[in-house]
Amino acid sequence: MVKAKMAIASVVLLLGPLAMQAKQVRATIVYDDIATEVNAATDNAAQLWISTADLIRATRFELKPQGVCRDQLCFPVPKSRASEFVRKGSTATLFNLLAFAQLVNQPVAHDAALSTWYFGLRSDQRQGLASLQAPDFTLPDMAGKMHLLSEFRGKKVLLVTWASW
Amino acid sequence: MKDAGPWITAAKPTYTALIDEKHLVSKLYNMVNVPTGVWINEEGKIVRPNEVAFVDDRFKTFTGLDSEPYLTALKDWVEKGDKSAYAMGEERLREKLSVNDPNFILAAAQFGLGEHLYKSGHLTEAIPHFKEAQRLNPKSWNYKRQAYALSDAKRDYGTTFADEVQKSGGSKVYYPPPDLPGATGSVDKRP
């Protein structure tokens, strides 16, 4: 019994400093290659807490009863791990964007000096290659007119990339 | 636009030419060099993935690659569609697309961060991320060439494009030739 109590005490001691490590920063979140400035709390490794309002602003994802959703896409948050994703802040509900990235198998690159987090392609965005369907994209021509790859359905497409290096 | 624009204007293309400042296509398709070509059929399905796609011989002295076999293959596919011998089977397509290499996936994020920092005026801070992208995906010439083009390669990376080409075995292996059935050097006879 004594040993069990000591083990619990050790866990509390370990969790205490980790929770306190999260510091307030002005962070840049680059999501879908669009940069957004937000206030965040972070421990630089597994936690990047932002308000749910900033979640929408930076990612267009929204916290809903059924999960984290954008348009028709919804990722349910595992109920048993809800505290890893959502918590009540002093003025707003906070969402841990790094826990979400891990959930959706999304690579994240971080620059500590500039408090910048770059979020890469989620697993659902990489499924195009696995299914062998050509991943769709929208890009401008020289006149700024946007073109969608899928607009060319019904025709064969030779997609060639080049650079002027 | 500033860099590629003059080339597009001079070429007066009859096809659609798009500007991809953030290397989105490269990221979506796991491309590692230019020129890279992908064949996509009428249903939007890939039938030949990422391969060197020269459509003329202007770099033949450097690459040793003749564009004729690739053009012949392309014309065959245009005529015969998925029945063309040059349209690949699904097994080979998946192998060549390197769908789920976690290092490549992370490399793309590091490269994206480097690009963002550079465009925000932080070249010095971008360099470690470009280097990390190159380490995670050493096969990507795009990561090397883009990073070298943005700074002094010798000073910031201790190398140059020419040095790297030599290290890889020289200009004749810098571009692996398209893996075309019946072509010299074809390594796989599967459809």
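B:Arg94 and B:Glu90 sit four residues apart in helix H5 (residues 90-97) of chain B, about one turn of the helix. In this predicted model, the two residues form a salt bridge, with their closest N and O atoms 3.6 Å apart. An α-helix has 3.6 residues a turn, so residues three or four places apart point the same way.

Both partners are partly exposed: B:Arg94 has a relative accessible area of 36%, and B:Glu90 has one of 40%.

In helix H6 (residues 102-119) of chain B, B:Lys119 and B:Glu115 are four residues apart, which separates them by about one helical turn. Their side chains meet in a salt bridge, at 3.3 Å from N to O. B:Lys119 is partly exposed, with a relative accessible area of 45%. B:Glu115, in contrast, is buried at 5%, because the cut-off for a buried residue is under 20% relative accessible area.

Helix H7 (residues 123-136) of chain B holds B:Glu132 and B:Arg135, three residues apart and again about one turn of the helix. The N to O distance in the salt bridge between their side chains is 2.8 Å. B:Glu132 is partly exposed at 24% relative accessible area, while B:Arg135 counts as exposed at 56%.

## Network and total

B:Lys45, B:Glu90 and B:Arg94 are joined into one network by salt bridges that share partners. Over all chains, a search of the whole structure finds 18 salt bridges.

## Helix H4 of chain B

Helix H4 (residues 68-80) of chain B has 13 residues, which at 1.5 Å a residue should span 18 Å. The C-alpha atoms at its ends are 18 Å apart, in agreement with that expectation.

The buried residues in H4(B) are B:Tyr70, B:Ala73, B:Leu74, B:Asp76 and B:Trp77. Viewed down the axis of H4(B), the buried residues fall within an arc of 160°, so they line one face of the helix. The exposed residues B:Lys75 and B:Glu79 are carried on the face turned away from the buried side.

Elements from both chain A and chain B cover the buried residues of H4(B). Among them are strand S13 (157-161) of chain A, and strand S1 (36-40) and strand S2 (46-52) of chain B. Just after H4(B), B:Gly81 takes a positive phi of about 65°.

Conventions
Residues numbered from 1 in each chain as written. Chains lettered and ligands numbered in written order. Predicted model: local features only at pLDDT ≥ 70, side-chain atom pairs only at ≥ 80, totals over all residues. Heavy atoms only, no water. Salt bridge = Lys/Arg side-chain N within 4 Å of Asp/Glu carboxyl O. Helix = DSSP H or I, 4+ residues; strand = E, 2+ residues; numbered from the N terminus. Buried < 20%, exposed > 50% of the residue type's maximum accessible area, 1.4 Å probe, protein only. Expected span 1.5 Å × (residues − 1). Arc of directions from axis to C-beta. Contact = heavy atoms within 4.5 Å.
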